[in-house]
Amino acid sequence: PEFIRKAFPRTWFHPRWHLLTWYPRGVLNEAFADQVIEFIEVEESIQEAPFDRYADLSGLTHIRIGIDHLIHTARRRRKVKQPAKSALFADNPMTFGVAHSYELLMSDAMIEVRAFKERRAAAQWLEVPLKTLECPL
């Protein structure tokens, strides 16, 4: 199949590209962020090979995550031993600022995080067609 819908809301896996995509809506708070991290960690434990990630944050209305929580999350994710790319697309300055902060906190980790203001640049970095980053809904 071109993509497989996952159990976590608004999340799909693209087997051809070894890519997990996520399109959150509404408010991203600390509890929701923890849920997505737990989901990704489960996926990492069951997938046969490392996979890249793409989060399209353009559907968020608010981000309510403190810097302490962002630092805690980065420390937790830095422990991952499998190399992967994680692209964060943000179309507004506040969301991009949070995504870029996470990118900086994850520098030199096995998971390479990049924040993007353009989907096309994210697709090029992930080495996938731009169409792959469109929400399947």
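Select phenylalanine 89 and phenylalanine 116: Phe89 stands opposite Phe116, which is in β8. The model on screen is a predicted one.

**Stop 1: β7 and its partners.** Now select residues 84-89, which are strand β7. Six bridges join β7 to β8, and the two strands run parallel. Follow the chain onward from β7: the path goes through α3 to β8, and this β-α-β crossover is right-handed. Strand β5 is also parallel to β7, and four bridges join these two. Which residue of β7 is the bridge partner of aspartate 56? The partner is phenylalanine 89, the residue that also stands opposite Phe116.

Colour β7 by burial. Six of its six residues are buried. In a regular strand the side chains alternate between the two faces of the sheet. Here, Ala84, Ser86 and Leu88 are on one side, while Lys85, Ala87 and Phe89 are on the other. Both faces of β7 are covered.

Stop 2: Show the strands as a cartoon. Six strands form an open sheet, in the order β1-β2-β3-β5-β7-β8, and the pairing is mixed. The edges are β1, residues 4-5, and β8, residues 111-116; each of these pairs on one side only. Strands of a sheet pair through backbone hydrogen bonds, either parallel or antiparallel. For an antiparallel pair, select residues 11-14 (β2) and residues 19-22 (β3), which are joined by four bridges. Within this pair, tryptophan 12 has threonine 21 of β3 as its bridge partner.

**Stop 3: the helix across the sheet.** Select residues 30-46, helix α1. Helix α1 lies across β2, β3, β5 and β8, and runs at about 160° to β3.

Stop 4: In soluble globular proteins, nonpolar side chains tend to be buried together. The largest nonpolar core in this model has 29 residues. Show the side chains of Trp22, Leu28, Leu88, Tyr102 and Met106, the residues with the most contacts inside this core. Two or more residues each come from β3, α1, α2 (67-77), α3 (93-105) and β8. Which element gives the largest share? Helix α1 does, with six residues.

Leaving aside neighbours within four places in sequence, its contacts include Phe8, Pro9, Arg10, Leu28, Phe32, Val36 and Tyr54. Two of these, Tyr54 and Arg10, are the next stops.

**Stop 5: tyrosine 54.** Select tyrosine 54, which is in strand β5. Is Tyr54 buried or exposed? Its relative accessible area is 2%, so Tyr54 is buried, the limit being under 20%. Beyond its neighbours within four places in sequence, Tyr54 is in contact with residues including Leu19, Leu20, Thr21, Trp22 and Tyr23, and also Ala87 and Phe89. Further along the chain, Tyr54 has contacts with Arg119, Ala122, Leu126 and Leu133. Draw a C-alpha to C-alpha distance from tyrosine 54 to proline 1: the gap is 19 Å in space, and 53 residues in sequence.

**Stop 6: two residues with positive phi.** Most residues other than glycine have a negative phi, and most peptide bonds are trans. Select arginine 10, in the loop between β1 and β2. Its phi is near 60°, a positive value. Arginine 10 has 18% relative accessibility, so it counts as buried.

Then select aspartate 108, in the loop between α3 and β8. Aspartate 108 also has a positive phi, of about 65°. With a relative accessible area of 79%, Asp108 is exposed.

**Last stop: zoom out.** The protein has four helices and eight strands, and along the sequence they follow the pattern β-β-β-β-α-β-β-α-β-α-β-α. The radius of gyration is 14 Å, close to the 14 Å that the globule rule gives for 137 residues, so the protein is as compact as a globular protein of that length. The C-alpha atoms fill a box of roughly 40 × 30 × 25 Å along the principal axes. Of the 137 residues, 46% are buried. Among contacts with a separation of 6 or more, 71% are between residues 24 or more positions apart.

Key
Residues numbered from 1 in each chain as written. Predicted model: local features only at pLDDT ≥ 70, side-chain atom pairs only at ≥ 80, totals over all residues. Heavy atoms only, no water. Pairing = 2+ DSSP bridges. Contact = heavy atoms within 4.5 Å. Axes fitted to C-alpha atoms, helices over the stretch in contact; angles between N-to-C directions. Core = buried A, V, L, I, M, F, W, Y, C linked by side-chain atoms within 4.5 Å. Buried < 20%, exposed > 50% of the residue type's maximum accessible area, 1.4 Å probe, protein only. Right-handed = clockwise from strand over helix to strand, strands pointing away. Rg over C-alpha atoms; globule rule 2.2 N^0.38 Å.
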